[in-house]
Structure formats: structure tokens, C-alpha cells
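Work through the exercises below with the sequence and the model at hand. Each task is followed by a solution in steps.

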Amino acid sequence: MAGEEKFDAIVVGAGPAGSAAAYTMAKAGLSVVLIERGEYPGAKNVMGGVMYGRMLADLIPTFAAEAPIERVIVEERLWITTDDSAVTLGHKTAAAHGDIPNAFTVLRAKFDRWFASKAEEAGAFLIPATVVEDLIVRDGKVAGVRTGRPDGDLYADAVVLCDGVHSFLAKKAGLQTREIAPHEVALAVKEIITLPPEVIQERFNVGEGEGVTIELYGAVTQEMGGYAFIYTNRDSLSVGVGALMSHFMRTKVTPNGLLERVKQHPLVRPLVAGDAAMMVNGLHREGSNLAMTAGRLAGETVIEANRRGDVSTASLASYRRRLEESFVLKDLRKYQHLPEFVDRHPELLRIYPGLVNLAVHEMLTVDGMPKRDKQRKIWKAITRRRPLWRLIGDAYLAWKVMR
């Protein structure tokens, strides 16, 4: 209509996906509006966790020199816990990480603000403190967005939705045709514990700027599908736990109560002694890199459509092809049945950590028993707790889910 200001693209949500999409399109010369409901990007995201360098380097190759990185991860630990012990696995490297660190910790309140500023530098127009209330649809096509501001209707050839898992806009556009089931989403809580940098480095045996991740499975989640985590920041620890929403509903365990249980585990307590600063929502370990890649691919799709002068549904459908060819959908498809499997078999999260700890403890106990006899003893103890046919059945089900 006459008098309407129209953009090439509108991006809703200035998280990693939204800023990646806006940055990609703006850098290619498109006119882009990036809308964020928070006072500034990151204001409503208090996640603190791990991000990965390669996906960010695909967008900003020199990010390591300017992004608000907390610590570069040099050691990753995995603990399989019982109530008073754990079998530990891990990897530590002394190799130089070069220009692109593999993994690093961030506090998203800082990171999101920086990332959105890069989109602005590329030419995107950021509108913070603005809620998108509806989509504007004309002739069966999304033509823009309606905001809560006076005269707040904005129009564009393409609208990219990056407003989170519970997006009513995705429902409005017909992109989400059913409600998300409780076993398909996790709820996490996290606490920030402030510590001097030198104390963190001493406790976790790392140097300045180096960090550690610890992820805990087994008893710490009280047979719920999820895990706990400890991530090192520059002058704080991110300590949290998450589990399937369906398991919280079934057990009636509160997220805060579960976090307190984690903090009181005898192996965790010495690491997290300090001053609690705040309680916030947590993260999925490999979520932000998926979001950044998906956002970049969405931006590339709109750029290609804009250059062809065709922003029809058929033209934008190439976004799905790009996702199919990337690691994003390949990885998501590989593990698509895992949440349902964990939801149906929560007892395995108690049984197998216990069996692993039993076996390792017995094998490492020096009591004069020959090792062959020890192996027989361990096998008898395992099959007494979990019969052989059950072990085989569990292995088969796990193989089906993970293959």
C-alpha cells in the first residue's frame, strides 16, 4: 500500500539465531529490521553455558578477538554418579586453540548484546523493547508484523521467526501444527556462584582464561531424564540441572529442589562453595550453535530469494533443503527418538550408573582376589541386579534409538 515503509526482511528475536540471520542478510546488502522484546538483546536471556567456535567463525571469523568469551574450554569431564561416588571420564588438552577455539563459556546476557551489535554494524536496524503481537497476512502470504508500538506495523518481503520454542507466531503462520509434548522439552535451572578467578583456576587446575566443563548423569537427577552441569566462567561458576518436563510432572520434584540436591552431592560440594548470585533458566549443551547455523541458513535463503526477485513460499522452501544438507537436521534426526526413550525408561538412569560404579569400584579394590575371579564376581553382581536378557534388551533399544 502507498506510504508503507517496506524492508527486505524482518527478524523477530535477537538471540543467536535471530542475530545470525540479521547479520547474514545485512552483510549481503539487504535492508533488515531486527526486533527484540527485551530492553536490549540478552536482557531476557540469563543462560550461561557452552558455545562452539566453528559455527560462529562461519559468520565472524575474527570473533575470538572481540566476543565476550568467559573461558576457553580445555577440559571436559563426564561424571556417572551414584549418591556418594562417580565414575569419571574426560579429555584435557594443552594444545593451542589457535584463532578459533573449539568451545568456550559465555554469559548470554553479554554475548547476545555483542552479537546483535555486529548485526547492527553490518547494517541491520535493531528495535529493542518491542513485542511482536501478530503477523500481517495479505493474500495468504505473511507481509509483515504488528508490534505493540503506536503505528507499529512493519512490512517486509520475508519474516524470519527466531522467537523461541513457544512461538505463537509460528503457530499463527501454520509452521507449528501441534502442541509440544512434555517429553519433547526440558526445563533447567541454573545458579551463578561468584568466585575469584584465581580460586577457579586452583580448584579446576587450569590457567588464566582456561575453563572446564563437568556434566553429571545418574543419581543427581533422581532417575529423571537429564543431567547436571558445572561450567567455569571468568569469575563465576554456572551450576545447574535440567530434566524432561514430563519427568518433573510425573515425580513432582521441583527444579530448585533438584538443584539443591546436585549442590549437596559430596563430589560437587567442594567445587561450588561460594556466594550464590542468582537463579535462572538453563540451557541445552548444544543449542546455541544449532541456532546460529539455522539463523545463518535462513538469512542465506532470503538473500538468494531477494536476488531472484522471488520471495514466494516455493522460493523460500529451499531453507529446508539447506537444513537437510547441514549438520542441524542430520543431528536432530539421529537423536529424535531419544527423549521419548528416556521418558519411557527413567529407571535406566538409576540402574546403569549404579552398575558402572559397582564394576569400577570392585575392579579397583585391591583385596588379594585374582582379577579373573573379580571379573566373575562383577558379572554375577551385575546380572543379579539386571538379568542378562534385560541387558541385551536394553542394549538393543539403545542401539535403535542412537543408530
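**Exercise 1.** At roughly what angle do the axes of helix α1 and helix α3 cross, and within what distance do they come? Classify the pair and describe its contact.

Solution. The model is predicted.
- Step 1: helix α1 covers residues 16–27 and helix α3 residues 108–122; their axes come within 8 Å and cross at roughly 15 degrees.
- Step 2: angles under 35 degrees count as roughly parallel, so α1 is roughly parallel to α3.
- Step 3: the crossing of α1 past α3 is left-handed.
- Step 4: α1 makes the contact through Pro16, Ser19, Ala20, Ala22, Tyr23, Ala26 and Lys27, and α3 through Arg108, Asp112, Phe115, Ala116, Lys118, Ala119 and Ala122.
- Step 5: by class, these residues are nine nonpolar, one polar and four charged.

**Exercise 2.** Which orientation and handedness describe the pair α9 and α11?

Solution.
- Step 1: the axes of α9 (residues 288–308) and α11 (residues 318–325) come within 9 Å, crossing at roughly 140 degrees.
- Step 2: roughly antiparallel requires an angle over 145 degrees; α9 and α11 are therefore oblique to each other.
- Step 3: their crossing is right-handed.
- Step 4: the contact involves, among others, Leu297 and Glu304 of α9 and Tyr319 and Arg322 of α11.
- Step 5: the contact residues comprise five nonpolar, two polar and four charged.

**Exercise 3.** Which strand gives the most to the lining of the second largest pocket?

Solution.
- Step 1: the second largest pocket holds about 230 Å³ of space.
- Step 2: 15 residues line this pocket, and Val72, Ile73, Val74, Thr93 and Ala95 are the closest to its centre.
- Step 3: strand β4 (residues 71–81) gives the most, with five residues.
- Step 4: the lining divides into eight nonpolar, four polar and three charged residues.

Notes: Residues are numbered from 1 along each chain as its sequence is written. This is a predicted model: local features need pLDDT of at least 70, side-chain atom pairs count only at pLDDT 80 or more; totals for chains, interfaces and linings use all residues. Side-chain values use heavy atoms; hydrogens and water are left out. Axes are lines fitted to C-alpha atoms, for helices over the stretch in contact, and angles run from 0 to 180 degrees between N-to-C directions. Helices (H or I, at least four residues) and strands (E, at least two) are DSSP runs, numbered from the N terminus. Angles under 35 degrees count as roughly parallel, over 145 as roughly antiparallel, 65 to 115 as roughly perpendicular and the rest as oblique. A crossing is left-handed if the near helix is turned anticlockwise from the far one by less than a right angle, and right-handed if clockwise. Contact means heavy atoms within 4.5 Å. Ala, Val, Leu, Ile, Met, Phe, Trp, Tyr, Cys and Pro count as nonpolar, Asp, Glu, Lys and Arg as charged, and the others, Gly among them, as polar. On a 1 Å grid over the protein atoms alone, a cavity is a set of points where a 1.4 Å probe fits but cannot get out, and a pocket is an open set with protein on both sides within 12 Å along at least five of seven lines; lining residues have an atom within 4 Å of a point. Grid points are joined across faces, edges and corners, and a volume is the space filled by probe spheres set on the points.
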